[in-house]
Amino acid sequence: MSNSHLFLKSGFPRAPLQNGLGRYVCQLQRITLKFCKNNGSSRGMRDFIENHLVDFAKENPGIVVYVKPRRHRTPVLVGEYLNGDREWLSCRNSTQDEISKWIDLLKTQNGSSSSMRLRKMWHTDVPSIQGPWTPFLLRSPDANNQTLPNKEASQPFDIPQTATEKLIELFKQQKLEEGKAGDEILEQKRAE
């Protein structure tokens, strides 16, 4: 395993506070399309700009779109977010459909969370003083002394009784009642 992940920015999983409760606020603030006017690797970017860019700008008035032609450079998409993060995507030899998919991805993210080294998989501002939940938290202490494998311990708690099990139980009750009735008859005969 390499140690390249140690150089990534570290943090906790996070999302913008209450985004979408009242209304959704797109976190992509600005997108810059950098391309070359005559380089072959920028053909998809040029096609996207000619065919789809105006429609994208009309559909997303909250996103500022910059178009930056550069000579002899590969095409790049740069997304800037409300939290200050920047996401760079190289679009070398990409088609206009691929570029529109990359732009949709940038539009739905909230920053460069994919390039963050997570310290924990969860985070809370108010940690519990009782400790984390485990599957053995509410188990009986007798479960510690059982020999494994144990058929009873491997059964779920909330399985309803099947029809076959109900019939077997009714049959056993009927046998017990017949046995008690037979014992009463025998006692009556002995008493006479």
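The radius of gyration used in these legends is taken over C-alpha atoms, and the globule rule set beside it is 2.2 Å times the number of residues to the power 0.38. The structure is a predicted model, in which local features need pLDDT of at least 70 and side-chain atom pairs count only at pLDDT 80 or more, while totals for chains, interfaces and linings use all residues. Residues are numbered from 1 along each chain as its sequence is written, and side-chain values use heavy atoms, with hydrogens and water left out.

**Figure 1. Overall dimensions and order of elements in the predicted protein.** The protein has a radius of gyration of 34 Å, whereas a compact globule of 192 residues would have one near 16 Å. Taken along the principal axes, the box filled by the C-alpha atoms is roughly 120 × 40 × 40 Å. Four helices and six strands are present, where helices (H or I, at least four residues) and strands (E, at least two) are DSSP runs numbered from the N terminus. Their order from the N terminus on is β-β-α-α-β-β-β-α-β-α. Of the 192 residues, 21% are buried, a class that means under 20% relative accessible area, with exposed meaning over 50% and partly exposed in between (1.4 Å probe, protein chains only). Among contacts (heavy atoms within 4.5 Å) with a separation of 6 or more, 73% are between residues 24 or more positions apart.

**Figure 2. The annotated segment, residues 37-110.** In an unreviewed UniProt entry, the annotation "domain: Ribosomal protein/NADH dehydrogenase" covers residues 37-110; UniProt positions are given in the numbering used here, feature names are shortened, and annotations may be inferred rather than shown by experiment. Over residues 37-110 the chain is 39% helix and 23% strand, and the C-alpha atoms at its ends are 31 Å apart.

**Figure 3. Helix α1 and the elements packed against its buried residues.** Helix α1 spans residues 43-51, and its buried residues are Gly-44, Met-45, Arg-46, Phe-48 and Ile-49. These buried residues pack against the strands β2 (28-35), β3 (64-69) and β4 (76-81), as well as against the helices α2 (53-59) and α3 (96-108). As a general point, residues three or four places apart in an α-helix point the same way, because the helix has 3.6 residues a turn.

**Figure 4. Val-65 and Val-67 in strand β3.** Val-67 is partly exposed, with a relative accessible area of 39%; leaving aside neighbours within four places in sequence, Val-67 is in contact with Leu-33, Phe-35, Ile-49 and Leu-53. The C-alpha atoms of Val-67 and Phe-35 lie 8.1 Å apart, although the two residues are 32 positions apart in sequence. Val-65 also counts as partly exposed, at 24% relative accessibility, and, with neighbours within four places again set aside, Val-65 is in contact with Ile-31, Leu-33, Leu-53 and Phe-56. From Val-65 to Pro-156, 91 residues apart in sequence, the C-alpha to C-alpha distance is 56 Å.

**Figure 5. Asn-93 and Ser-94 in the loop between β5 and α3.** Asn-93 has a positive phi near 60 degrees in a residue other than glycine, and Asn-93 is exposed, with a relative accessible area of 53%. Ser-94, by contrast, counts as buried at 11% relative accessibility. Not counting residues up to four places away in sequence, Ser-94 touches Gly-44, Met-45 and Ile-99. In helix α3, Asp-97 is partly exposed at 49% relative accessibility, and the C-alpha atom of Asp-97 lies 37 Å from that of His-123, 26 residues apart in sequence.

**Figure 6. Backbone geometry at His-72 and at Pro-149.** His-72, in the loop between β3 and β4, has a positive phi of about 55 degrees although it is not a glycine. A cis peptide bond, with omega about 0 degrees, joins Leu-148 and Pro-149, and Pro-149 is placed in the loop between β6 (116-118) and α4 (163-191).
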